[in-house]
Amino acid sequence: MSDEKQQQAKSKKDDWQTPEWLWKTIDRNDEIDLDPCPGVDTEIGNHNIDPRHHDGLDYPWEGTVFVNPPYSEKADWLEKVVEETKRNTVDTIYVITPDSTDVGSWWHKWIAPHASHTIFFEHRVKFVKPETGEQAGNPPGGTALHIFGKVPHRVIEAFQNGERGVDVVTRASRFD
Ligand SMILES: C[S@@+](CC[C@H](N)C(=O)[O-])C[C@H]1O[C@@H](n2cnc3c(N)ncnc32)[C@H](O)[C@@H]1O
């Protein structure tokens, strides 16, 4: 693949949206306050800040936050997640990444030492193409959902008991 085509493929995947079943499992009672990288036409987050004028990496986050970062910039977003988790106006930050735990550069630095809880899905999570609203095909690898900060019992139970069977791994949990 040419460099230009590789760049196009990468930037397209950077925009892929979270499937509704996944974020709605968390947001059953409208809990998500902020999606700092919302993209266009997403319904996630009650108090989002316009990404056309504000870089989600540049302002302080608050409340319950949901982050499905552009995967080609994961490290920057994960560094921000860890920094924001320490802020006492932040309760919980949910973060989606590939489940590639062998990748030393970001997993070992930002997730293993800092995430309270990780959920590994037992199936491939199919994301949504923003330009058509259609489901994209099977991604090449699995997906993990990490919880930083307080871990709400309800959300863990919802994923455990849901139709979408998941494997849940608790690390150093701080349950609320
Ligand atoms: C993987 S998509 C996720 C979209 C949506 N949050 C979701 O979960 O469905 C990442 C989005 O982040 C946006 N984005 C990239 N860099 C950003 C930045 N610095 N600030 C705000 N948004 C950004 C992109 O435009 C893209 O729509």
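**Stop 1: the whole chain.** Color by secondary structure. The protein chain has five helices and five strands. Helices (H or I, at least four residues) and strands (E, at least two) are DSSP runs, numbered from the N terminus. Along the sequence they follow the pattern α-α-β-α-β-α-β-β-α-β. This is a predicted model: local features need pLDDT of at least 70, side-chain atom pairs count only at pLDDT 80 or more, and totals for chains, interfaces and linings use all residues. Residues are numbered from 1 along each chain as its sequence is written.

**Stop 2: confidence.** Now color by pLDDT, the predictor's confidence in each residue, from 0 to 100. The mean for the protein chain is 87, and 87% of its residues reach 70 or more. Two residues are in contact if their C-beta atoms, placed from the backbone, lie within 7 Å. Where pLDDT is low, the predicted coordinates should not be read in detail.

**Stop 3: helix H3.** Select residues 74-85. At 1.5 Å a residue, the 12 residues of H3 should span 16 Å. The expected span is 1.5 Å times one less than the number of residues. The end C-alpha atoms of H3 are 16 Å apart, which agrees. Which residues of H3 are buried? They are Lys 74, Trp 77, Leu 78, Val 81, Glu 84 and Thr 85. Look down the axis of H3: its buried residues fall within an arc of 125 degrees, so they line one face of the helix. That arc is taken over the directions from the helix axis to the C-beta atoms. A residue is buried if 20 or more other C-beta atoms lie within 10 Å of its own, exposed if 12 or fewer, and partly exposed in between; C-beta atoms are placed from the backbone. What covers the buried residues of H3 includes strand S1 (63-67), strand S2 (90-98), helix H4 (104-111) and strand S4 (143-149).

**Stop 4: helix H4.** Select residues 104-111. Trp 107, Trp 110 and Ile 111 are the buried residues of H4. Seen down the axis of H4, they fall within an arc of 110 degrees, so they line one face of the helix. On the other side, Gly 104, Ser 105 and His 108 are exposed. The cover over the buried residues of H4 includes H3 and S4.

**Stop 5: one loop, two residues.** Go to the loop between helix H2 (20-26) and S1, and pick Pro 36. Is Pro 36 buried or exposed? Pro 36 is buried, because 25 other C-beta atoms lie within 10 Å. Leaving out residues up to four places away in sequence, Pro 36 touches Gly 56, Trp 61, Val 65 and Val 67. Asp 30 is exposed, with 8 other C-beta atoms within 10 Å. Its phi is near 65 degrees, a positive value in a residue other than glycine.

**Stop 6: the ligand.** Show the 17 residues around the ligand. A residue is near a molecule if its C-beta atom, placed from the backbone, lies within 6 Å of it. Gln 17, Cys 37, Gly 39, Gly 56 and Asn 68 come nearest.
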